[in-house]
Amino acid sequence: MVPAEQGGGVMRADLLADPVAGLDEALAAVDAVDRVLVAGLLRPQPAQAEDLAALADAVAGSPLASVVAEATEKAAAGAAGEDHFVALAAARTALLGSAHDALMARVGEATGRPVAETIAAEPAEAQAVNLLVAARSWLCDLARAGWRGIDHDVVSGAAQVVSAMLPDPALRRLATVLDGFAAELAASCPGASLDRVPARRWADLWSRALLLTLPGAAAVPATETLTGRLLPLGVDLHEHATAAQAQVHAVFEPADGGAPRLVRAAVSAPKPDTVVGAGIWQLLRPHLSLLTAVSEGRSMDLVDMPATPEGDLVWSDEHARPGEPADALATARVVLPTATAAPTAPLDRHPARIAVPVFLEGYEVQRDDDTLTFTVAGHPLPVDTDRVPVAGPLTPDAVATSRACLGLLRWDAGSFHVQPLAVETTVRKKAVTVHAGAWAGGTTDKAGVKAEKAAADAVAVLRERAGRLLRK
Amino acid sequence: MVPPARPRKLAKVPFVELADGRLQGVVSSGSDIERVYVSSVAAGTYAFACSTNNNRPCGGARGGFCNHILALVREAVLQYGAERVARYLRVEIVDAEPSEQTIASTMMSARPPQADSAAAASVFSRFLRHLAYLELAPTTLPVPEMQWFPPSRAVA
C-alpha cells in the first residue's frame, strides 16, 4: 500500500526539477558514441578514438567491460565487425538503461508510486535468422558510413529486408523500427548536406534496431492472464509514415480483490503514408474494442486476458466485454494513486520509454508563444502539447485553459514534461472533459468525420489500384 | 523527425514519393483504367522520364515535362509541402516562394535532359510495395519502438 501522505495524487513537482546523480556522466558517454556515429567508422579519426575510449571507460565496471573494450579498440582501428557494432550498441543501451532506472526512481519519489521490481530477461524462441542477419548487415553499413556519409544507395538497402519482414508478426517490431528509421534517413539524404544531424535520435533507433536483430533479445512473452475490471485513462498515439500504434493506458482492478495495477493495451498497423491524422483510427479500431470503450467513456470487463510482466495486455476481443460507464478523470482521482506500476523489461529500459500516468490539478498555466508550462506547487513542469495528436479534439488552447490534467509524465532532452491525455476545462461556462483519444472509437465531430472520409477514400483508391495492378 | 505527410486525394496520382534521389510516382491514365504512367524527375539534373506500366514511352514527354510529371509535382507539393520538394530536388528559386508553379517552371527553364527508362521498373515496384501495406495484418502485440515516433502538430 502507498502511504496516505504520499498518495492522493499530490505530485512532488519539486523533485522532478532536481538534478539526478550520475545522469550527466552517463549521458556524456552516450553522446560520445553518438558523435562517433555522426562521422562513421569507415576511417576513424583521433577524435572518434577518444570518444570510443570514453565509452569503454564508462562501462569498465560492468559485465560488458571486456567485450566493449575489444569492440572500441577494433572500431577505433577501422576494423569493427558486426559483433563489435552490436557490442557498441549494447554498451550505449546499458548506459541509457541506467539513466532510465535513475529517472524512474525519481518519478517514484515524485508520484509516491512504488518502483516495481525488475524482471529477468527470458530467452524466447529463435526467429527467421536470415532476415535478422540481413538487417544487421544493413545497420553495420550505416555505422560505417556515418550519418554524414549516408546516401540513397546505403539507405535503400533496408527496403527489401523490411518488405520481407513485415508479414511475419514475430519480426514486426524490428521491421517497424527499420521502416520508420530508413524513411527518415531517406528524407535526409545526402547526409553531407544536412544542417543538423539528430545524433541522439538516430543512434537510439540504430542501437535499438541492432539489438532487435539478436534472436529473441527483446521479446517479452505473455506469462499471465488477467480477470477483472479495466478502467481506461487515455490513448497515446504513435505514428511514422508507414505505421501507427494506439496505446491505451488503463488501471486494472483484479476480480480477486488484489491491488489495482497500471496496464497498457496497444494495437498497431502498417499503413500507406497517405493515411494520416484522424484517418488512422479506422485502421486500428476493428482490432481493439477498447478504443470504442474509451470513446464511450466505459470500463471493460476482462476474462483471462493475456498479459506480459511489463503490464502490456496482449489484447484479443474475445477476452473482453463492455462494462459500466467510467469517467477517466474520476479514475485518475480515485484509483490511479493506489495503482502499482509493472516493471520494465531489461532491454526496454530507456528514457524514451518513460510514460507514467499522472493526474495534476490546482496548477497555474503559463503560455509563451508556442510553449506551455504548468506551475505545480510552485514548480514549473513543461507541457508537451506537440505530442497531442491532431487526430482528436484536444488542442493546446484547451490545455492552456484547463484546471485539471490527466497525462503521461515523460523525459526528453534533459527534463521531465507532461503529455496531456485529457483535461478538464470550461467551455461556455460549462465544465467539460476533453480527451486526446476521444475519436479513437468513432466520432461525430465535423473535422473528425471529414478526415476519416478522406482516409477511407484514399484507402479505397489504393485498393482499387492494387486489385488491378498487384495481380499482374 | 520527419513531419507527417498531408492528406490529399489519390484518384489521379495514387503514389508520389521523394526517394532514391528522385521525385517519382505513378499517375493514373485519364483514358484507360488499366493503365498507369510511371514518372520521375531526378534531383539536381531534373532529368525526367515517363512511361506506362507496360513500358511504352509517354507521348507527351518528348523534349520536356509531360502533364503526368506536372501532376506529380503538384501532388508532391500537396503531400510534402513546396519547401521540402524544392529542397529535395535542389531547385533554387530566385525572388519567389517555392510553389508548384515556381518549382515546375524553374526546372523546365533549365532545359532538363530526358533520362533513360531504367528507373521505371524500380519506381513501379516501390508502388506495388506501397500497396502491399494495405494487406498487412494489424497486431495487438506491443511495439515499444513506436515510442520514438510520437505524433506532431507540425505540418509539412
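Student: What radius of gyration does chain A have, and what would a compact globule with 472 residues have?

Tutor: Good place to begin. The radius of gyration is taken over C-alpha atoms, and the globule rule is 2.2 Å times the number of residues to the power 0.38. For 472 residues that rule gives a value near 23 Å, and chain A has 23 Å, so the two agree. Along the principal axes, the C-alpha atoms of chain A fill a box of roughly 65 × 60 × 50 Å.

Before we go on, a word on the source: this is a predicted model, where local features need pLDDT of at least 70, side-chain atom pairs count only at pLDDT 80 or more, and totals for chains, interfaces and linings use all residues. Residues are numbered from 1 along each chain as its sequence is written, chains are lettered from A and ligands numbered from 1 in the order in which they are written, and side-chain values use heavy atoms, with hydrogens and water left out.

Student: How many helices and strands does chain A have?

Tutor: Helices (H or I, at least four residues) and strands (E, at least two) are DSSP runs, numbered from the N terminus. Chain A has 15 helices and 13 strands.

Student: How do I read the size of the interface between chain A and chain B?

Tutor: Interface size is often given as the accessible area lost when the parts come together. Buried area is that loss with a 1.4 Å probe, summed over both parts. Here chain A and chain B bury about 5800 Å², with 63% of it on carbon and sulfur atoms. Counting contacts (heavy atoms within 4.5 Å), 74 residues of chain A meet 51 residues of chain B.

Student: How many salt bridges are there between chain A and chain B?

Tutor: A salt bridge is a side-chain nitrogen of Lys or Arg within 4 Å of a carboxyl oxygen of Asp or Glu. The count between chain A and chain B is 5. One of them joins B:E135 to A:R463, with the closest N and O atoms 3.8 Å apart.

Student: Is B:E17 buried or exposed?

Tutor: Buried means under 20% relative accessible area, exposed over 50%, and partly exposed in between (1.4 Å probe, protein chains only). B:E17 has 9%, so this residue counts as buried. B:E17 lies in strand β1 (residues 15-19) of chain B.

Student: Which side chains make polar contacts with the side chain of B:E17?

Tutor: A polar contact is a pair of N or O atoms within 3.5 Å; within protein, one must be able to donate a hydrogen and the other to accept it, and residues adjacent in sequence count only if both atoms are side-chain atoms. The side chain of B:E17 pairs with that of B:Q24 at 2.8 Å and with that of B:R126 at 2.6 Å.

Note on methods
Buried area = accessible area lost by both parts, 1.4 Å probe.
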